[in-house]
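Student: I would like a close look at a single part of this protein, followed by how that part sits in the rest of the chain.

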Amino acid sequence: MQPVLFEVGPFKLYSFGTFIALGALVGGLTLFRLLKHRKLRTSHLFDVVLYTLIIALIGSRLTYYFTYQDQFKNFWQVFYFWQGGLLALGGILIGFIAFLRFVRKAKQPIWEVLDAAGLTFLVGWAIGKIGCHLSLCTIGRATDSWVAVNGAFPIDLFSSIWAIVVFGILLYIYLKDRFSAGIIFFLAAESFLLGELLIKTLKADFGEGIVRAEAMIYLALVVITYLLFWRFHGPQIDKPTIRQFFGKLLKRFRR
């Protein structure tokens, strides 16, 4: 792995922080383009993205602190971000709540913006996870499979690949504009959560203590997301339209 991309004298450019920042930048540009595509207002976008990222970062750090308090000598170390230690799930949930509040305050159409945000999150996550892979944030189970990296499953790389594949498929559907607003968001959320849950079963410490609890939370979120999807959009889905759409999609791949 390569936790440090390069260094010049005392200056070091760490792969983790670099790819997280790159993911945020590309994600922000993606959100801008998607909202423009749907002719939605973008004048407030920079502030919304910036504040959401800051709150999500703080949220992920705080949840890491409360989960792994034994790693800290005192509470004030929670502000030592350079020492590492973020819990992605906490940041995602807290960041999402903050983003939703900012969108409501800006009086934007919620479901249309969430569709674009779901796609944006996937591309940002895919890029950020490359930094995690280079920094060896997550240790996978030992294996001699052809997919192994250094003799173990590359968990973060799997996560990155899954996110970009889902992003590509949903972006194609999004640009076709066949479904009502909000469906793309739920498809993105459900695909992400289910993929993360399955990928985490390959972790070296899967089934132990906090990792087991994290898996249970992901499972609960998968179920909750599905129930919310059916509550808000289930009755609106035109099944013949879905069959026709995916039928055309399969024909394209067969050519």
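Student: In which loop is the place of T201?

Tutor: This is a predicted model. In it, T201 lies in the loop between α6 and α7, the latter spanning 209–232. Its relative accessible area is 28%, so T201 counts as partly exposed. Leaving aside residues up to four places away in sequence, T201 touches R141 and F206. R212 is 11 residues from T201 along the chain, and the C-alpha atoms of the two are 9.5 Å apart.

Helix α6 covers residues 183–200, and its axis comes within 10 Å of the axis of helix α5, residues 155–176. The two axes cross at roughly 160°. Angles over 145 degrees count as roughly antiparallel, and α5 and α6 are therefore roughly antiparallel to each other. The handedness of the crossing of α5 and α6 is right-handed. On the α5 side, the contact is made by I155, F158, S159, W162, V166, L170, I173 and Y174. On the α6 side, the residues are I184, L187, A188, S191, F192, G195, E196 and I199. Sorted by class, this contact of α5 with α6 has 12 nonpolar residues, 3 polar and 1 charged.

Helix α2 runs over residues 45–67, which is 23 residues. From its first C-alpha to its last, α2 reaches 32 Å, close to the 33 Å expected at 1.5 Å a residue. The buried residues of α2 are L45, V48, V49, T52, A56, G59, S60, R61, Y64 and Y65. Those buried residues pack against α1 (15–37) and α3 (88–105).

Finally, the chain that holds these parts. The protein chain has 8 helices and 2 strands. Read from the N terminus on, the order of its elements is β-β-α-α-α-α-α-α-α-α. The chain has 255 residues, of which buried ones make up 40%. Among its contacts between residues at least 6 apart in sequence, 67% join residues at least 24 apart.

To return to the part you asked about, T201 is partly exposed and is placed in the loop between α6 and α7, with R141 and F206 among the residues it touches.

Technical notes: Residues are numbered from 1 along each chain as its sequence is written. This is a predicted model: local features need pLDDT of at least 70, side-chain atom pairs count only at pLDDT 80 or more; totals for chains, interfaces and linings use all residues. Side-chain values use heavy atoms; hydrogens and water are left out. Axes are lines fitted to C-alpha atoms, for helices over the stretch in contact, and angles run from 0 to 180 degrees between N-to-C directions. Helices (H or I, at least four residues) and strands (E, at least two) are DSSP runs, numbered from the N terminus. Angles under 35 degrees count as roughly parallel, over 145 as roughly antiparallel, 65 to 115 as roughly perpendicular and the rest as oblique. A crossing is left-handed if the near helix is turned anticlockwise from the far one by less than a right angle, and right-handed if clockwise. Contact means heavy atoms within 4.5 Å. Ala, Val, Leu, Ile, Met, Phe, Trp, Tyr, Cys and Pro count as nonpolar, Asp, Glu, Lys and Arg as charged, and the others, Gly among them, as polar. The expected span of a helix is 1.5 Å times one less than its number of residues. Buried means under 20% relative accessible area, exposed over 50%, partly exposed in between (1.4 Å probe, protein chains only).
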